[in-house]
Amino acid sequence: MLSESSAAVVTATLPAVQAHGEAITGRFYQRMFDAHPELLDVFNRGNQATGQQKAALAAAVVAYAEHLTGDGRVPWGPILDRIAHKHASLGITATQYTIVGRHLLAAVGEVLGDAVTAEVAAAWDEVYWLLACELIAREARLYTLAGVAEDGAVWRDWRVVARTRETADVVSFTLVPADGAPAPAFTPGQYVSVAVDLDGGRGQQIRQYSLSGRPGAPDWRITVKRVRGAGDAPDGMVSTYLHERVAAGDTLRLSPPFGEVSALGDGGPLLLVSAGIGLTPALSALEHLAATEPEREVVLVHADRTPSAHARREELPRLQERLPNLSVRLWYEDATDGELAGLKAEVAEGLVDPARIPLSPGARVHLCGPVPFMSLVRGGLLRRGVPPERIAYEVFGPGMLRD
Ligand SMILES: Cc1cc2nc3c(=O)[nH]c(=O)nc-3n(C[C@H](O)[C@H](O)[C@H](O)COP(=O)(O)OP(=O)(O)OC[C@H]3O[C@@H](n4cnc5c(N)ncnc54)[C@H](O)[C@@H]3O)c2cc1C
Ligand code: HEM
């Protein structure tokens, strides 16, 4: 709990912090990377360049301050879970919170200037450490559950046993632990962090990839879309590296599985809705259900540019044989380039229409795809009466959907 005196100060200064949130976090990152250049290897440089990470950090700090002062409109628990899982997958340590705290609070002082009296600084220091302690505690628990022996020591070598080209822009990697240990268990929807050393001494970068194979299999699978540059935006660093440099026989550094979003629902009807490379959690869920609950009622809705851009679609007929209550509905922007033998699916042309998504009473929903796609589908399902707590979703980047 925030002390009473600090609560009053935080309430009074929250509008200013909120208004300057991204300026503060922008300044924070500059200061922190100047003092600790080694952290450039931990943070995602793409998200730094696009500003997505500073927006997510500012939004989280403001939402937490609102939560503490009783003005919170957004449920706080899911935000905390999301951050803790992401941090754990990156091997963030308790000691690093001191560095972040020092530079974040100094950045508040720099941006807000004289408005930051000693009293204001002390109140925001209290907010920061309450939040930090909650995160550190959750992360410590996640490390213990994942069998991580030492705080933050998440990295383990995995050997690439197969590399499979799925489409022009998508490749899957099949991986086994390099030390011969069994692959750890995971829940469909969970992801791993992958750390790579970029060419030309550009340092390390870490990205998350959802596990796209069956939990319990002797190997893990990740399915990676190559992010191509457009206009001034460069090619994606890690996806390009994985596509161009990594082959069967190579070794990759992976974290244990983390992620708070399950793609399995609660045992009743399940609606899996994906677009583009967002199909990876759904594929893992379908593989798992085919092995464990083949009678489950499942609707798979997938949207893609064309049938040939739709990765791993040739696996769907076999999954339908194993899941008799699986129905498939596909939306392609351009559906002309080919049918798939053996697939029983309704195929429509154009963008997905949430009003036409089949909806069983009581269905649990899992969404994954670009943010505008998920916002559209979630909004449509909410309007059709699906309660928000029945709709789980995974953003393939920092932050969460906004209502
Ligand atoms: C939980 C989770 C699960 C995920 N699962 C998957 C998955 O299963 N499969 C998958 O393929 N991906 C997945 N992702 C996405 C993945 O982690 C990466 O974000 C993706 O591969 C792109 O990484 P990159 O290094 O190639 O691109 P980055 O280098 O990070 O670039 C990202 C974007 O930023 C732009 N950018 C970079 N620098 C600049 C600049 N200076 N100016 C303007 N724009 C710039 C790039 O052009 C690009 O569009 C997942 C993400 C999360 C968070
Ligand atoms: C109270 C303190 C902190 C808060 C509120 C916070 C908040 C966040 C948020 C909101 C995200 C985005 C989560 C998402 O993917 O949606 C994030 C990611 C991240 N955080 Fe923190 N964080 C804190 C401390 C730290 C510390 C101590 C470190 C270690 C140096 C750290 C490193 C990272 C990294 C590397 C990412 C991923 C960056 C990216 O993908 O762009 N954070 N954090």
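Student: Is R202 buried, exposed or partly exposed, and what is its relative accessibility?
Tutor: R202 counts as partly exposed, at 43% relative accessibility. Buried means under 20% relative accessible area, exposed means over 50%, and partly exposed is in between, with a 1.4 Å probe and protein chains only.

Student: Where is the place of R202?
Tutor: R202 is in the loop between β3 (191–197) and β4 (204–210). Helices (H or I, at least four residues) and strands (E, at least two) are DSSP runs, numbered from the N terminus.

Student: What does R202 touch?
Tutor: R202 touches R45 and M237, leaving aside residues up to four places away in sequence. Contact means heavy atoms within 4.5 Å. The C-alpha atoms of R202 and D41 are separated by 9.1 Å, and these two are 161 residues apart along the chain.

Student: Before I go on, where do these values come from?
Tutor: This is a predicted model: local features need pLDDT of at least 70, side-chain atom pairs count only at pLDDT 80 or more, and totals for chains, interfaces and linings use all residues. Residues are numbered from 1 along each chain as its sequence is written, chains are lettered from A and ligands numbered from 1 in the order in which they are written, and side-chain values use heavy atoms, with hydrogens and water left out.

Student: OK, next one. Where is A233 found?
Tutor: A233 sits in the loop between β5 (220–225) and α8 (237–245). A233 is partly exposed, with 45% relative accessibility.

Student: What does M1 touch?
Tutor: M1 touches E126 and L130, again not counting residues up to four places away in sequence. The C-alpha atoms of M1 and V127 are separated by 9.2 Å, and the two are 126 residues apart along the chain.

Student: Now the loop between β8 and α10. Is P307 there buried or exposed?
Tutor: P307 counts as buried, at 1% relative accessibility. P307 is found in that loop between β8 and α10. C-alpha to C-alpha, P307 and G399 are 30 Å apart in space, and they are 92 residues apart in sequence.

Student: What about R312? What is its phi near?
Tutor: Phi of R312 is near 60 degrees, a positive value in a residue other than glycine. R312 also has its place in the loop between β8 (298–304) and α10 (316–322). R312 is buried, with a relative accessible area of 1%.

Student: Let's zoom out. How many helices and strands are there?
Tutor: The protein has eleven helices and twelve strands. Its radius of gyration is 22 Å, close to the 22 Å that the globule rule gives for 403 residues, so the protein is as compact as a globular protein of that length. The radius is taken over C-alpha atoms, and the rule is 2.2 Å times the number of residues to the power 0.38.

Student: How much of the protein is buried?
Tutor: Of the 403 residues, 51% count as buried.

Student: And which domains does the assignment give?
Tutor: The assignment gives domain 1 (4–145), domain 2 (156–254) and domain 3 (270–394). Domain bounds come from an automatic or database domain assignment. The C-alpha centres of domain 1 and domain 3 lie 36 Å apart.

Student: Last one. What box do the C-alpha atoms fill?
Tutor: The C-alpha atoms fill a box of roughly 70 × 50 × 45 Å, taken along the principal axes.
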